[in-house]
Amino acid sequence: MQKKRRKFFGLFVFPGFLGIMVFVLLPFLDVVKRSFTTAVTGAFIGGKNYQAIFRNQAFLLAVKNTIKFTVVCIPVLVSAGLMVALMLSRFKKKGWIKSIYLFPLAMPTATVVLVWKLVFYKQGFLNLFLTRAGLDWGLWGEVHKDYLGTATAFWVLVGSYVWKNLGYTVILWLAGLGGISGEMLEAARVDGAGGWQRFWRIVLPNLKGSLFTIVILSFLNSFKIYREAYLTAGAYPDQSMYLLQHLFNNWFVNLELDKMAAAAVCTGGVLMIAILLLQRLWEDR
Amino acid sequence: MGTDKKRKILIKVRNLAGKGLLLLALLLPALLVFLPVLLLLSGSLMDTWELGGYISTVFTDGSEFIGWKLVPDYPSFANYGKLLFETPQFFVLFWNSMKLVLCILTGQLLFAVPAAWGFAVYQGRGSRGLFALYVVLMLMPFQVTMLSSYLVLNELSLLNTHQAIIWPAVFSTFPVFLSYGGFKSIPYQMLEAARVDGAGELTIFVRLGLPLGKSGLLSAMVLGFLEYWNLMEQPMAFLEDKSLWPLSLYLPQITWGQAGFAFCASVVTLVPAVFVFIIGQDYLEQGIIYSGLKE
């Protein structure tokens with residue numbers, strides 16, 4: 001039985017695994033090797049490439065911005081998603097509201113960006129709206145701020161990310177909320193626990209598992225914000241939104257493959273450690 | 001008695017009012033979803049002159065604000081006509097996108113779905129570790145694997161062909177993970193019963209596994225379609241020849257001078273995605289839930 005099991009496991013998994021070996025794993029080993037050599041001659045130079053990237057201003061800026069983006073947008077997305085999911089869970093028929101929140105996921109980035117440009121350019125809809133509101137209430141005059149060419153571009157990206165991924169997060173939270181036993185909540189209610197108490201003492205602790213996966217998946221999706229960033233501002237955007245993804249792309253275009261190799265190994269390594277740590281942390285609970 | 005009844009009604013009214021407020025709070029963000037779509041639709045139906053009047057200030061850096069009308073004064077399908085009948089380039093790119101998406105999804109059905117079945121049914125000692133590796137690979141962003149993909153594609157002389165986009169995507173581990181979720185939900189006893197009845201392993205996969213676990217693989221297909229229809233990083237890096245590009249890269253190339261055109265092209269790009277979104281909605285949701293399952 002054991003032998004048969006292993007045979008069929010191989011039969012089903014091996015073809016795909018072969019592809020992964022050829023297209024991902026083996027070439028990545030090559031990248032690791034390259035990160036210790038020069039791009040042109042291939043001579044071994046030890047850790048020089050790594051030293052070079054950590055002295056590189058663009059790399060440091062990109063790392064800083066990417067971390068900042070992640071640290072800002074993931075908590076915003078995760079908590080906004082939970083709020084919407086909690087509100088939604090009060091309704092029995094929630095199909096079409098869920099669909100509305102999910103819809104941005106289906107909108108191709110290129111079409112979204114066209115809209116964002118019309119909204120956030122200097123003469124765009126947002127300024128028009130602000131100006132009207134300001135004049136109507138006599139609060140301020142005309143607003144002519146350029147949102148994409150200045151440091152606010154960072155916040156446009158955060159907003160765009162939340163806009164796109166909120167539905168995904170809501171569905172995950174709803175699945176988590178659905179897994180909490182109604183009996184437990186009912187029992188707490190009978191024992192006289194109020195709404196807030198039930199939320200803090202029962203609902204939140206039971207959502208820890210969901211939190212783990214939601215954070216990881218939000219992180220995975222946060223790298224795709226590059227599409228919006230690139231399309232609104234090109235390869236060299238405002239400093240505030242120059243991300244690791246821009247840097248990789250620019251190094252690629254300029255064929256600085258040695259730096260790219262070192263940076264790929266660093267980024268991949270950090271991500272893997274982060275994932276494993278989070279998993280460990282989560283399993284301890 | 002009377003006061004009791006009154007209180008009950010009061011509570012009912014309060015509940016209803018609360019729900020109404022909640023609904024309102026939930027629907028407000030929905031505006032942010034609908035307005036962009038309305039903007040695209042109305043823009044695509046304006047004639048060039050009207051649209052130009054509203055938005056020229058944006059690209060000429062004028063001092064006036066942008067204007068808009070959700071119902072155009074002079075509705076016209078002229079831009080659609082131009083796009084669909086007089087721009088062969090657009091068709092080429094549209095079919096590029098279709099070809100890429102369909103080839104990738106077919107490849108995933110052939111490789112990822114059986115792999116998911118293997119992981120779900122024939123768990124052994126080594127399989128857990130391998131699965132963990134798949135999960136880590138699934139979470140790696142494109143930028144980390146960009147150079148390695150480039151190296152192998154260069155080695156196989158696939159650069160600047162559609163295969164450069166297709167093969168790496170076929171061996172993505174995300175669909176394995178999603179299909180695994182579907183297969184795992186099949187009760188084990190069912191497979192055992194089939195085995196006792198003398199069914200071969202392959203028969204079990206085709207006759208039992210695929211129909212019963214279809215929610216997983218269908219959700220992988222739906223999420224996959226939306227993802228690959230929107231493909232940007234890979235073609236940007238690996239396709240030099242612009243006639244090979246997918247639609248998602250063509251759109252941003254349209255200049256403001258042809259804004260009407262850009263609106264129409266956006267709507268046409270949006271249509272297949274919306275279509276898949278609507279017919280695949282249940283699977284999309286299921287897929288998201290599977291993506292959040294841990295082993």
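## Terms and model

Helix axes are lines fitted to C-alpha atoms over the stretch in contact, and the angles between their N-to-C directions run from 0 to 180 degrees. This is a predicted model, in which local features need pLDDT of at least 70 and side-chain atom pairs count only at pLDDT 80 or more, whereas totals for chains, interfaces and linings use all residues. Residues are numbered from 1 along each chain as its sequence is written, and chains are lettered from A, with ligands numbered from 1, in the order in which they are written.

## Confidence in chain A

The mean pLDDT (the predictor's confidence in each residue, from 0 to 100) of chain A is 86, and 99% of the residues score at least 70. Among the helices (DSSP runs of H or I with at least four residues, numbered from the N terminus), confidence in chain A is lowest in helix 6 (residues 125-136), with a mean of 80, and highest in helix 3 (residues 57-88), at 92.

## Interface of chains A and B

Counting residues as in contact if their C-beta atoms, placed from the backbone, lie within 7 Å, 72 residues of chain B touch 75 residues of chain A. Helix 1 (residues 2-44) of chain B gives the most to the chain B side, with ten residues.

## A helix pair across the interface

The axes of helix 5 (residues 109-120) of chain A and helix 14 (residues 259-279) of chain B come within 9 Å and cross at roughly 140°. The two helices are therefore oblique to each other, a class for angles that are not under 35 degrees (roughly parallel), over 145 (roughly antiparallel) or 65 to 115 (roughly perpendicular).

Definitions and conventions
Contact = placed C-beta atoms within 7 Å.
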